[in-house]
Amino acid sequence: MATTLSGYITETRRLLHDVNANFWTNAELTDYINDGRGHLIQDTGCNRVLQTYIAQTGIETIDFADLPEGTDTIDILTINLYWGNSRVPMYYLAWSNFNAQLRFWQNYNGRPVGFSMYGPKKIFIGPKPDQDYQLELDTVVLKPPLTEADPDETLPSPFTEAVPFYAAYIAKYQEQSYGEAEIFKQEYQKHVMQALNTTFTRRLPTPYISGY
């Protein structure tokens with residue numbers, strides 16, 4: 001499995017039967033590999049980052065651009081609110097429920113207890129904060145692209161095994177070999193599912209309840 005950009009390029013060339021670089025340049029494959037890394041994170045959530053944010057008094061919205069990781073943040077899984085010496089998990093509600101339950105009183109401020117996504121890059125918290133609160137957000141964040149100057153992969157194994165297949169899929173799609181492209185896409189999806197199955201099914205919620 002690849003741990004560097006050059007390793008990714010080598011694996012992708014082997015899949016494409018282009019070890020001598022007759023058909024694709026390293027620059028092209030680098031772009032395809034970085035596309036694959038981005039899609040891998042979107043599909044698996046394999047790069048999770050805890051971010052902190054200060055929710056200000058009376059402000060119910062949080063834009064992803066205002067988080068420490070900025071617009072590289074693509075999803076928010078959970079939020080903890082710091083209250084004294086406690087971390088209080090906030091409820092997630094679908095927007096229709098959140099709007100009905102936590103935005104009913106226009107002028108009410110209190111300790112936020114829930115949050116909801118509003119579009120792809122904004123969340124609402126409710127009720128509106130009655131003071132400044134520190135939040136801890138469990139997020140999924142995109143990685144910077146690999147380059148010759150920064151070639152080392154930091155995504156975890158076994159997720160990285162899927163990346164060369166996605167790069168090969170884009171390469172074949174670009175040359176309009178749609179049948180071969182579809183095969184590589186299916187292999188990418190299969191490797192993604194294998195990675196998810198081998199990393200997220202080994203833990204029991206609790207050993208003290210029957211049914212597991």
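The questions and answers below cover the sheets, helix packing and backbone features of a predicted model.

User: How are residues numbered, and which limits apply in this predicted model?
Analyst: Residues are numbered from 1 along each chain as its sequence is written, and side-chain values use heavy atoms, with hydrogens and water left out. The model is predicted: totals for chains, interfaces and linings use all residues, side-chain atom pairs count only at pLDDT 80 or more, and local features need pLDDT of at least 70.

User: In what order do the strands of the antiparallel open sheet stand, and which are at its edges?
Analyst: Helices (H or I, at least four residues) and strands (E, at least two) are DSSP runs numbered from the N terminus, and two strands pair if DSSP finds at least two bridges between them. Four strands form this open sheet in the order 1-10-3-4. Each edge strand has a single partner, so one side of each is left without a neighbour in the sheet; the edges are strand 1 (48–55) and strand 4 (86–89).

User: What is the average twist from one strand to the next in the sheet 1-10-3-4?
Analyst: Axes are lines fitted to C-alpha atoms, for helices over the stretch in contact, and angles run from 0 to 180 degrees between N-to-C directions. In the sheet ordered 1-10-3-4, the twist from one strand to the next averages 35 degrees.

User: Which residue in strand 10 stands opposite Asp 75?
Analyst: Strand 3 (residues 73–83) and strand 10 run antiparallel and are joined by seven bridges. The residue opposite Asp 75 in strand 10 is Val 140.

User: Which strands are at the edges of the sheet with mixed pairing?
Analyst: This open sheet has four strands in the order 2-8-7-5. The edge strands pair on one side only: strand 2 (61–63) and strand 5 (91–92).

User: At what angle to strand 7 does helix 3 run?
Analyst: Helix 3 (residues 95–102) lies across strand 7 (114–117) and strand 8. Its angle to strand 7 is about 140 degrees.

User: How are helix 4 and helix 5 oriented to each other?
Analyst: The axes of helix 4 (residues 163–174) and helix 5 (residues 178–199) come within 8 Å and cross at roughly 165 degrees. Angles under 35 degrees count as roughly parallel, over 145 as roughly antiparallel, 65 to 115 as roughly perpendicular and the rest as oblique. Helix 4 and helix 5 are therefore roughly antiparallel.

User: What is the hand of the crossing of helix 4 and helix 5?
Analyst: A crossing is left-handed if the near helix is turned anticlockwise from the far one by less than a right angle, and right-handed if clockwise. The crossing of helix 4 and helix 5 is left-handed.

User: Which type of aromatic pair do Tyr 166 and Tyr 188 form?
Analyst: The structure holds 11 aromatic pairs; rings of Phe, Tyr and Trp (its six-membered ring) pair if their centres lie within 6.5 Å, and planes under 30 degrees apart count as stacked, over 60 as edge-to-face and the rest as tilted. Tyr 166 lies in helix 4 and Tyr 188 in helix 5, so the pair ties together parts that are 22 residues apart in sequence. The ring centres of Tyr 166 and Tyr 188 are 5.1 Å apart and the planes stand at 70 degrees, so the pair is edge-to-face.

User: How do helix 2 and helix 4 lie to each other?
Analyst: Helix 2 (residues 26–44) and helix 4 pack with their axes 8 Å apart, at an angle of about 125 degrees. The crossing is right-handed. Helix 2 and helix 4 are therefore oblique.

User: Which residues of helix 5 meet helix 2?
Analyst: The axes of helix 2 and helix 5 come within 11 Å and cross at roughly 50 degrees. That makes helix 2 oblique to helix 5. With contact meaning heavy atoms within 4.5 Å, His 39, Leu 40, Asp 43 and Thr 44 in helix 2 meet Tyr 188, Val 192 and Leu 196.

User: Where is the cis peptide bond with omega of about 10 degrees?
Analyst: Most peptide bonds are trans. Pro 158 is found in the loop between strand 10 (133–141) and helix 4. The cis bond joins Ser 157 and Pro 158.
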